[in-house]
Amino acid sequence: MLQTQQTHLSAKKAGPKIGLALAGGGPLGGIYEIGALLALNEAIDGLDFADVDVYVGVSAGSFVASTLANGITVEEMGRLLVSRRGRPQRFDPALFLKPNFPEYLRRSSQLPKLLAEGLWDFARNPQARGLLESLSGLTRAIPTAVFDNQPIESFLADLFSNRGMTNDFRELQSQLLVVGVDLDTGEAVRFGSPGHDDVPISKAVQASTALPGLYPPVLIGDRYFVDGGLKRTLHASSALDEGVDLLFCVNPIVPFDASAAPPGHDKRHDSLVEGGLPVVLSQTFRALIHSRMIVGMAKYETSYVDRDVVLFEPDTGDSKMFFANVFSYANREMVCQHAYRTTRRDLWARRRKLTPILKRHGVVINEAILQDGDRHFSSALSRRPDPMRLGHYKNRATNRLDGLLDRLEVLVRPSH
């Protein structure tokens, strides 16, 4: 569903400032964002998401936003992370699914000491404290996360070390804000803003993607940080606070509404309880974060009266996105194509409302492209054969990214 927030734009002395805010949604949510951005880049003349003024990324969205801010185009990201042209499995999901072995070992080494302390506590006063209560300290040996997120940080640090790119927020041509949450205070922190711009971009993305339970908290300075989505879904206000006039937002995570599903959908999806605990938890999580986002979007209308915010997200009846495994890359090409088509359909359906909004910011919907029913996301990938806007270094950076993906696939692949 495409939502727009139309306001009156005050006269500006300078040209309009355009921003992009990307939400989380796991690895597959990032793939959805690439598909949606491909459609927007192709169908809106004057728009290039590798060259906007402000980027805001949360969780998986921070991964996409940080590469865009470094000059890697949406088309090139799609070729490397999604397309199966060339060697298959170019990007292995194991980058995000490497077991958290270092913490497993560190925590398990504490078991003998914790067990001895618990038994001694019980032996001293068995009447006052039961055995289970005395052994409650064993929970400290439980790892904080299933997976290790260090490969994500290493990958981005290596990529951004390429000449023509940077791992320093202060050296970017555009402003990049990566949102994480301070674990001990619960407060959101905008890495890239003054006072938090000395943190490497790769480390900030590692923190922003550290979803509790899946990835361990990330130590930055003397504080631990976790997924930025715990406070808000989009953090669009981060971009609006920077003076953005037109903000594009992409959110891949919405709750499922079987009554809104198109005719002919799988009737087994009508009762989510039949899907068991994972489906129930997924619906609960999606409903919670989506309701927060809707409340936030409504507040922007009065808090930022001279701005325009455009939101793109799947339809609530979109069973393909709801039932897709957000940590699986097996169907990443399908998800990218699905996002591409969904976004094109939304642009066409709401073109009359969007046209005056976008036009006053210097960008125009290309109706001829939207009317072309033969377009596929792969054709959008070929739209710009030159992927990088960094001139002399574009091919070197692209080859480097391709090589890094190959090396990471070998590094994190389980041994047989």
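Q: Is Asp372 buried, exposed or partly exposed, and how do I read that?

A: Burial is read from relative accessible area: buried means under 20%, exposed over 50%, and partly exposed in between, with a 1.4 Å probe and protein chains only. Asp372 is partly exposed, with a relative accessible area of 28%. This is a predicted model, in which local features need pLDDT of at least 70 and side-chain atom pairs count only at pLDDT 80 or more, while totals for chains, interfaces and linings use all residues. Residues are numbered from 1 along each chain as its sequence is written, and side-chain values use heavy atoms, leaving out hydrogens and water.

Q: Which residue does Asp372 meet in a salt bridge?

A: Side chains of opposite charge can pair when their charged atoms come close. Here a salt bridge is a side-chain nitrogen of Lys or Arg within 4 Å of a carboxyl oxygen of Asp or Glu. Asp372 meets Arg375 that way, at 3.4 Å from N to O. Arg375 counts as partly exposed, at 26% relative accessibility. Shared partners join Glu42, Arg344, Asp372 and Arg375 into one network of salt bridges.

Q: How many salt bridges does the structure hold?

A: There are 10. One of them pairs Asp182 with Arg223, the closest N and O atoms being 3.0 Å apart. Asp182 lies in strand β5 (residues 175-182) and Arg223 in strand β8 (residues 223-227), so the pair ties together parts that are 41 residues apart in sequence. Helices (H or I, at least four residues) and strands (E, at least two) are DSSP runs, numbered from the N terminus. Asp182 is buried at 7% relative accessible area, whereas Arg223 is partly exposed at 29%.

Q: Where do Arg79 and Glu76 lie?

A: Both are in helix α3 (residues 74-81), 3 residues apart, about one turn of the helix. Arg79 and Glu76 form a salt bridge, with their closest N and O atoms 2.8 Å apart. Both residues are buried.

Q: At what angle do helices α1 and α12 pack?

A: Axes are lines fitted to C-alpha atoms, for helices over the stretch in contact, and angles run from 0 to 180 degrees between N-to-C directions. Under 35 degrees counts as roughly parallel, over 145 as roughly antiparallel, 65 to 115 as roughly perpendicular and the rest as oblique. Helix α1 (residues 26-43) and helix α12 (residues 332-349) pack at about 40°, with axes 7 Å apart. The two helices are therefore oblique to each other.
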